[in-house]
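Please keep the structure open while I talk.

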Amino acid sequence: MRVALVLAENYPPGTAAARRVQAFAAGLQRGGTDVVVIGAPPKGVPAGQSRRGVDSVGVSYVLAGDVNFAHASHWKRFLRRPWVLQRVVADELEKAPVDLVLVYGHWWYLNQAVHRWCRRRGLPVVSDCTEWWRFSLETRYAYLDTLLFRRLLFPRVSGVVAISRVWEEHARRKAIPVVRVPAVLLPGAEAEAPVPPLPSGPFVVTYVGVMYRRDLPLTLLAGLRAVVHRGVDVRLVVIGRTDLFSLAARCRALAMATPELAGRVEFTGRVSDEELKRRLAATHALVLMRADDWVSRACFPTRLPEFLLTGRPVITSAVGDVTLYLKQGHDAWLLAPGDQPDALADALATLANDPVLARKIGAAGRATALGAFTAESHMQRLQPFLQRLAGKAGR
């Protein structure tokens, strides 16, 4: 069986979407499936990057190579992206046919042309669904696009890969074949992520993200302030862009203006993969909170397996499918959902004052990552699922 994995982004990885696609592709390839990744970078192929190649784990990829597209204005690129992606898919698959196309994303606009092209040729299309946006002013466009996807594309797919029970149950209600696959690790990730010794000095907690409201950034700062009041010498490292949402800028200003937090919060901005590894090795704990709302329950924290793999204790919220895999005090520190700054302060104080417990939780979390989130184990279920769908289309 030959499968094309398609995403309207750049590849090899950088974004969470590209990392998920790479993990799927590498896992399927190790199971004997012939795979190719097809992508369309938003701004064209970056300078110095090959349009066609093999990534670090041996997965072949091809990118849209329209030079005029790369030099177009923002809006022209946006308007042309669906058809640029469709064209590179058509060019590649007409040269080397596939049995099935796995399209990343819950997007109508970006993926519509690819879906249409595949249907005309009788190719089964499987959608990998990872987000379900609800309306807000900040997410109004994402909400509309997801809504159109569910109404116009979702009912016509051959199958669904669901990142959560929310998407899984939605597919079952629509009588669409579905398999649930949470966030997964890249094959061989454990060999590249040995557990470093704990750093000396203040207790360092790290957050990776863009400080979007579902990550409860105000709660994070309030919890940090509360634990400082208890006399704990703690530092917070925020890794990721803070210019995407107004709340992120507000949190940055608050951290600088609050006396208890002055000098205790570092904003690194976006960093390279190597720098991220270095930062994670220098931390004592990682925090990844979630609001208890529909959007949080429908997704799954894509960085959670990577955090667990570090061997550092992960503080996260007991929201959605997280509780299927993690147990409070055993392999993670689970907070009650929502705005819980005092509970976060309790977690930070306990872990900072009890390094033995912190190491125990971190070690158990790493074991859970290697047992519950490996690409190999989940691809052993995904591979026969895709084979059945490809077989149905061939009859």
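This is a predicted model: local features need pLDDT of at least 70, side-chain atom pairs count only at pLDDT 80 or more; totals for chains, interfaces and linings use all residues.

Let me begin with a question: is Asp 346 buried, partly exposed or exposed? Asp 346 is partly exposed, its relative accessible area being 35%, where buried stands for under 20% relative accessible area, exposed for over 50%, and partly exposed for what lies in between, with a 1.4 Å probe and protein chains only.

Residues are numbered from 1 along each chain as its sequence is written, and side-chain values use heavy atoms, with hydrogens and water left out.

Asp 346 forms a salt bridge with Arg 230, at 2.6 Å from N to O, a salt bridge being a side-chain nitrogen of Lys or Arg within 4 Å of a carboxyl oxygen of Asp or Glu. This pair links distant parts of the chain, 116 residues apart, with Arg 230 in the loop between helix H8 and strand E10 and Asp 346 in helix H14; helices (H or I, at least four residues) and strands (E, at least two) are DSSP runs numbered from the N terminus. Arg 230 is partly exposed as well, at 42%.

By this rule, the count comes to 21 salt bridges. One of them joins Glu 168 and Arg 180, whose closest N and O atoms are 2.8 Å apart; because Glu 168 lies in helix H6 and Arg 180 in strand E8, the pair ties together parts that are 12 residues apart in sequence. Glu 168 counts as buried at 13% relative accessibility, whereas Arg 180 is partly exposed at 22%.

Within helix H10, Glu 275 and Arg 278 meet in a salt bridge of 2.8 Å, N to O, and they are 3 residues apart, which is about one helical turn. Both residues belong to a network of salt bridges that also includes Glu 266 and Arg 279.

Turning to the sheet, 8 strands form an open sheet of mixed pairing, in the order E3-E4-E2-E1-E5-E6-E7-E8, where two strands pair if DSSP finds at least two bridges between them. Strands E3 and E8 stand at the edges with a single partner strand each, so one side of each is left without a neighbour in the sheet. Strands E1 and E2 pair in the parallel sense over 6 bridges, and Leu 7 stands opposite Gly 39 in E2.
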